[in-house]
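Please look over the sequence and the structure below. The report that follows goes through them part by part.

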Amino acid sequence: MKTIAITGSGGFVGTNIKNFFSKKDFEIISIRREDIKNSSKLKEIMNKADIVINLAGANIINRWTDSYKKELYSSRIDTTTALVQAMASVENKPKLFISTSAVGIYSNKDCYDEEYFDYADDFLAKLCQDWEKEAFKAKEYEIRTAIFRFGIVLGEGGALKKMLLPFKLGVGGTIGAGNQYFSFIHIEDLLNAYKFLIENVDLNGVFNLTAPTPTTNKGLTQALGKALNRPTIFPVPEFVLNLIFSEGAKVLTDGQCVKPKRLVDSGFIFKHTTIENSINSLIKENE
């Protein structure tokens, strides 16, 4: 039986990964925040782990005050540093380290994949770059290292749960004009992508974890309205989001167009390729 150690296992994605792999005869160890600060405890966990999945990080959709920006940074970079140092210092090193990043690393000027891209020049993009750089230090210790750049994860809970209420009340709508891109991934495809990466031992490096057909905020809005049979005539003005989230509103108002070229080229088959397919399957599950 293989052992997976996970940071951020209490979050939406972490809970799903934990449940998914525990049903597939993996032993799961949850790495808690206090474990990160306890080097001897962390080394003990690393010595047992075959695979380490790093999902730790404060919630990105929030008001970005200066102090919260520091929390966003330290909860990702410092945690990753501690994990790599612990892996480096144990005799039985994990065979695979899968860390996380986000499509917010890319600019919004074009549609990008892992080979053709342009990075944005803002806080979130720089955070992602520093996060990835820290994770890739694990390669120096001959640990197979991969990074999943997440799109918005759609599943029962998480971002979709927050989106559904206004639509169910008939007051859902686009954010601004709704033309900003929306790159997403269905939770089922996300889980299968982790399984695919674990099973294919020659795979490493960066992978975009997004559905093959990105949409726009308007496309998402229409799919939600149609699936719930509700009107979508109440746009949310961008200035309202700026008042609530300050600079953090960029996550909602400034999307990226991202494609999962490396996963597709490696033979991974997506079950949920479009926003309509993804939303319909999830709404049916919630009914």
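## A buried alanine

A135 counts as buried because its relative accessibility is 0%. The model in which this is seen is a predicted one. A135 belongs to helix α5, which covers residues 123-135. Leaving aside neighbours within four places in sequence, A135 is in contact with T80, V84, F97, S99, T145 and I147. From A135 to F207 there are 72 residues in sequence and 14 Å in space, C-alpha to C-alpha.

T80, one of the contacts of A135, lies in helix α4 (residues 66-89). T80 is buried, with a relative accessible area of 0%. Neighbours within four places again left aside, the contacts of T80 are N54, F97, S99, W131, E134 and A135.

## The sheet

An open sheet is formed by 6 strands in the order β2-β1-β3-β4-β6-β10, and the pairing is parallel. The edges are β2 (27-31) and β10 (205-209); each has a single partner strand, so one side of each has no neighbour in the sheet. From one strand to the next, the twist averages 20 degrees.

Inside this order, β4 (residues 96-102) and β6 (residues 144-150) pair in the parallel sense over 7 bridges. S99 has I147 in β6 as its bridge partner. S99 and I147 are also among the contacts of A135.

## Helices on the sheet

Helix α7 (residues 187-199) packs on the sheet and touches β1, β3, β4, β6 and β10. The direction of α7 makes about 165 degrees with that of β6. Helix α1 (residues 12-22) lies across β1 (3-7), β2, β3 (51-54) and β6, and runs at about 160 degrees to β2.

## Salt bridges

How many salt bridges does a search of the whole structure find? The search finds 12.

K137 and E134 meet through their side chains in a salt bridge of 3.2 Å, N to O. K137 is partly exposed, with a relative accessible area of 33%, whereas E134 counts as buried at 14%. K195 forms a salt bridge with E199, and the closest N and O atoms are 3.1 Å apart. K195 and E199 are separated by about one helical turn because they are 4 residues apart in helix α7. K195 counts as partly exposed, at 27% relative accessibility. R32, E34 and D35 are linked in a network of salt bridges.

## Loops and surface

D25 lies in the loop between α1 and β2 and counts as exposed at 56% relative accessibility. N229 is found in the loop between α8 and α9 and is exposed, with a relative accessible area of 67%.

F234 also lies in the loop between α8 (217-228) and α9 (238-245). F234 is partly exposed, with a relative accessible area of 40%. Together with L165, L169, V171 and I233, F234 forms a nonpolar patch on the surface, with about 520 Å² of accessible area in all.

Conventions: Residues are numbered from 1 along each chain as its sequence is written. This is a predicted model: local features need pLDDT of at least 70, side-chain atom pairs count only at pLDDT 80 or more; totals for chains, interfaces and linings use all residues. Side-chain values use heavy atoms; hydrogens and water are left out. Helices (H or I, at least four residues) and strands (E, at least two) are DSSP runs, numbered from the N terminus. Buried means under 20% relative accessible area, exposed over 50%, partly exposed in between (1.4 Å probe, protein chains only). Contact means heavy atoms within 4.5 Å. Patches are made of residues with over 30% relative accessible area and no salt bridge: like charges are joined within 9 Å, nonpolar side chains (Val, Leu, Ile, Met, Phe, Trp, Tyr) within 5 Å. Accessible areas come from the Shrake-Rupley method with a 1.4 Å probe; for residues, only the protein chains shown count as cover. A salt bridge is a side-chain nitrogen of Lys or Arg within 4 Å of a carboxyl oxygen of Asp or Glu. Two strands pair if DSSP finds at least two bridges between them. Axes are lines fitted to C-alpha atoms, for helices over the stretch in contact, and angles run from 0 to 180 degrees between N-to-C directions.
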